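Visitor: I'm new to looking at protein structures. Could you walk me through this one?

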Amino acid sequence: RSRTAWYQWLHLYVEGAPHWFNEGLAEYFGIAKMTRKQLHYGLVPEGYPSRLHNIRWALTGQIQAPMPLSRLLRADRETFMGPQAAINYATAWSFVHFMASSRDGRDLLRDYFRALQAGLGLEEAYTEVFGDVDMTALQARWKDYTLNLK
């Protein structure tokens with residue numbers, strides 16, 4: 001499975017990656033389709049219910065709301081895997097999908113990966129990469145993107 005390959009690859013470069021990053025990217029690369037000529041990854045899940053349904057339900061108040069991105073991106077394992085784990089997985093996947101959809105977002109993901117590679121911890125990597133980002137505006141753009149994702 002491609003998610004397992006992701007975990008193995010990431011572990012070669014970063015030990016103990018934050019759960020949002022590890023699981024969000026594993027889900028992003030895990031929904032893929034391979035043809036003889038190309039690998040298509042970052043696809044939107046087609047089944048029901050899916051991560052997309054979960055996060056949309058959370059964003060529209062049908063189930064418990066997701067934690068703010070500023071908190072999710074600093075969540076330790078216990079918090080991420082707590083009672084809201086399914087929503088956290090959906091949030092992480094949709095946030096990575098959102099970030100991967102733009103050059104600026106991809107740059108932030110790459111910078112975050114490099115911060116982790118440099119040995120920065122959870123809080124330090126967050127501050128280094130997202131410290132100057134308007135998280136309220138980023139949260140609003142992510143929410144709009146996710147609610148309109150097809």
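Visitor: Which residues are exposed on the other side of helix 7?

Guide: Before we start, remember that this is a predicted model. Helix 7 covers residues 103-117, and its buried residues are Gly 105, Leu 108, Leu 109, Tyr 112, Phe 113, Ala 115 and Leu 116. Seen down the axis of helix 7, those buried residues fall within an arc of 160°, so they line one face of the helix. On the other side of helix 7, the exposed residues are Arg 103 and Asp 104.

Visitor: How many Å does helix 7 reach from its first C-alpha to its last?

Guide: Start with the count: helix 7 has 15 residues. At 1.5 Å a residue, the expected reach is 21 Å. The model comes close to that, with helix 7 reaching 21 Å.

Visitor: And just after helix 7, which residue takes a positive phi?

Guide: Look just past the end of helix 7, where phi is about 95°. The residue there is Gly 119.

Visitor: Which helices do the buried residues of helix 3 pack against?

Guide: First, find them: the buried residues of helix 3 are Leu 52, Asn 54, Ile 55, Ala 58 and Leu 59. They fall within an arc of 160° seen down the axis, so they line one face of helix 3. What they pack against is helix 6 and helix 9.

Visitor: Are helix 3 and helix 6 roughly parallel or roughly perpendicular to each other?

Guide: Their axes are 8 Å apart, and the packing angle is about 105°. Angles from 65 to 115 degrees count as roughly perpendicular. Helix 3 and helix 6 are therefore roughly perpendicular.

Visitor: How many residues in the contact of helix 3 with helix 6 are nonpolar?

Guide: On the helix 3 side you'll find Arg 51, Leu 52, Asn 54, Ile 55 and Ala 58. They meet Ala 86, Ile 87, Tyr 89, Ala 90, Thr 91, Trp 93 and Ser 94 in helix 6. Sort the residues of this contact and you get 1 charged, 3 polar and, for the nonpolar group, 8.

Visitor: How far apart in space are Gly 24 and Val 96, C-alpha to C-alpha?

Guide: Gly 24 lies in helix 2, while Val 96 is found in helix 6. Gly 24 counts as buried at 0% relative accessibility, and Val 96 counts as buried at 0% too. Gly 24 touches Val 96, along with His 19, Ala 92 and Trp 93. Although they are 72 residues apart in sequence, their separation in space is 5.8 Å.

Visitor: One last one: is Arg 3 buried, partly exposed or exposed?

Guide: Arg 3 has its place in helix 1 (residues 2-13) and touches Ala 26, Glu 27 and Gly 30, not counting residues up to four places away in sequence. Buried means under 20% relative accessible area and exposed means over 50%. With a value of 24%, Arg 3 is partly exposed.

Definitions and conventions. Residues numbered from 1 in each chain as written. Predicted model: local features only at pLDDT ≥ 70, side-chain atom pairs only at ≥ 80, totals over all residues. Heavy atoms only, no water. Buried < 20%, exposed > 50% of the residue type's maximum accessible area, 1.4 Å probe, protein only. Helix = DSSP H or I, 4+ residues; strand = E, 2+ residues; numbered from the N terminus. Arc of directions from axis to C-beta. Contact = heavy atoms within 4.5 Å. Axes fitted to C-alpha atoms, helices over the stretch in contact; angles between N-to-C directions. Parallel < 35°, antiparallel > 145°, perpendicular 65-115°, else oblique. Nonpolar A, V, L, I, M, F, W, Y, C, P; charged D, E, K, R; others polar. Expected span 1.5 Å × (residues − 1).
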